[in-house]
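Hi everyone, thanks for making time. I'd like to walk you through one structure today, so please have a look at it while I talk.

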Amino acid sequence: MTPILAVGSIAFDSVKTPFGEASRIIGGAATYFSLAASFFTDVRLVAVVGEDFGDAELELFKGRPIDLAGVQKVPGETFRWKGEYSFDLNNRETIYTHLNVFADFRPAIPEAYRDSPFVFLGNIQPELQLEVLDHVSAPRLVAMDTMNYWIERAPAELRKVLKRVDALLINDAEARQLSGEPNLVRAARCIRQLGPKLLVIKRGEYGVLMARDGEFFAAPAMPLEEVFDPTGAGDTFAGGFVGYLAACDELSEASLARAIIAGSAMASFSVEDFGVERLRRLNHEDVRRRFAEFKRLTHFEAL
Ligand code: AMP
């Protein structure tokens, strides 16, 4: 299997939605990413946890093709984040972010990971994303995520990373902010000029828009009756997207379109329960079936 080196946060999350509340559940962008990607290929996880993240928690990653040699356990507490969602789940307020051990995180890339052909730079300081890139040799695809916080506070470093990545996955608000363009088509052109030849704009319940070579591909989100917790949907999407591309190991138009559906399918599961619960219970047959449902949802005969 073509492995993906993935770097990002592992967290204890607390989440409040109109449908319930959960506290100190396992979360973090790298957690969602690697669980989703592991349905398609091998993941080499690079992250940091505190002493409070024990074997019981690490159990979540066991039995899956997720290598934990790059997960450092250091004195202190694991990163903690709390979010609260509005009635329609479209708005989220961050109640707190306690960086804890994440504050001094320096990704340590094991020697055996240096040849990783696929790299996913999760949403961390652009400076650390650059450091990771300096430790890998000639990857075939580098994908990255970022957020408003870094767009505002580290624009120069962020631009340096953008020059070195092939694919950027961000949400629509971030795309507008990064480009200074309210129109997403123009925003896409502007962002592609900053470096990434492939841009994936996540639009929550409205689906996803991919831009490449001035061509677009769009997919809706799966219409679901039960959406409990959107936390991590974007990272889960990224895991399905990059995971699928690594598994088929090619970047043709057709495989990129299927990767968008793979990401959308994984994200649609993630939101069906709190935290990583739905991903924990998921099996390959569920994924195959949802992929087929997406085909039905989007298929029509041309005139
Ligand atoms: P998303 O819903 O895609 O924004 O991802 C939410 C996940 O990102 C949660 O599991 C959080 O633990 C994690 N998270 C929230 N804020 C940050 C941050 N500043 N840096 C890294 N990870 C974060």
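Let's start at Asn-100, which sits in the loop between E7 and E8. Those labels come from DSSP runs, counted from the N terminus: helices are H or I runs of at least four residues, and strands are E runs of at least two. Asn-100 isn't a glycine, yet its phi is positive, about 45°.

A bit of housekeeping before I go on. This is a predicted model, where local features need pLDDT of at least 70 and side-chain atom pairs count only at pLDDT 80 or more, while totals for chains, interfaces and linings use all residues. Residues are numbered from 1 along each chain as its sequence is written, and side-chain values use heavy atoms, with hydrogens and water left out.

With a relative accessible area of 40%, Leu-99 is partly exposed. Leu-99 and Ala-11 are 88 residues apart in sequence, but their C-alpha atoms are 9.2 Å apart in space.

Now, who touches Asn-100? One partner is Arg-80, which belongs to strand E6 (residues 79-85). Contact here means heavy atoms within 4.5 Å. Skipping residues up to four places away in sequence, Arg-80 touches Phe-12, Arg-24, Tyr-96, Thr-97 and His-98 as well as Asn-100. Arg-80 counts as buried, since its relative accessibility is 19%.

Over in strand E7 we also have Thr-94. Thr-94 is partly exposed, at a relative accessible area of 40%. Again leaving out residues up to four places away in sequence, Thr-94 touches Trp-81, Lys-82 and Gly-83. For Phe-39, things look like this: 55 residues along the chain from Thr-94, with 30 Å between the two C-alpha atoms.

There's another positive phi to show you, at Asp-213. Its value is near 50°, and this residue is other than glycine. Asp-213 is in the loop between strand E12 (208-212) and strand E13 (215-219). Its relative accessibility is 56%, so Asp-213 counts as exposed.

On to the helices. How do H3 and H5 cross? Helix H3 (residues 126-134) and helix H5 (residues 155-163) have axes that come within 8 Å and cross at roughly 30°. That makes H3 roughly parallel to H5. In case you wonder about the terms, axes are lines fitted to C-alpha atoms, for helices over the stretch in contact, and angles run from 0 to 180 degrees between N-to-C directions. Angles under 35 degrees count as roughly parallel, over 145 as roughly antiparallel, 65 to 115 as roughly perpendicular, and the rest as oblique. The H3 and H5 crossing is left-handed, meaning the near helix is turned anticlockwise from the far one by less than a right angle; clockwise would be right-handed.

On the H3 side, the residues are Pro-126, Glu-127, Gln-129, Leu-130 and Leu-133, and they meet Glu-157, Leu-158, Lys-160 and Val-161 in H5. That contact splits into five nonpolar, one polar and three charged residues. Nonpolar covers Ala, Val, Leu, Ile, Met, Phe, Trp, Tyr, Cys and Pro; charged is Asp, Glu, Lys and Arg; the others, Gly among them, are polar.

Let me zoom in on Leu-158 in helix H5. Leu-158 counts as buried because its relative accessibility is 2%. Beyond its neighbours within four places in sequence, its contacts are Pro-126, Met-144, Thr-146, Trp-150, Ile-151 and Leu-178.

The next pair is helix H6 (residues 172-179) and helix H7 (residues 184-192), packed at about 60° with axes 9 Å apart. H6 and H7 are therefore oblique to each other.

Last, the whole chain. The protein chain has eleven helices and 13 strands, and buried residues make up 54% of its 303 residues. Its C-alpha atoms fill a box of roughly 65 × 40 × 40 Å along the principal axes.

Key:
Buried < 20%, exposed > 50% of the residue type's maximum accessible area, 1.4 Å probe, protein only.
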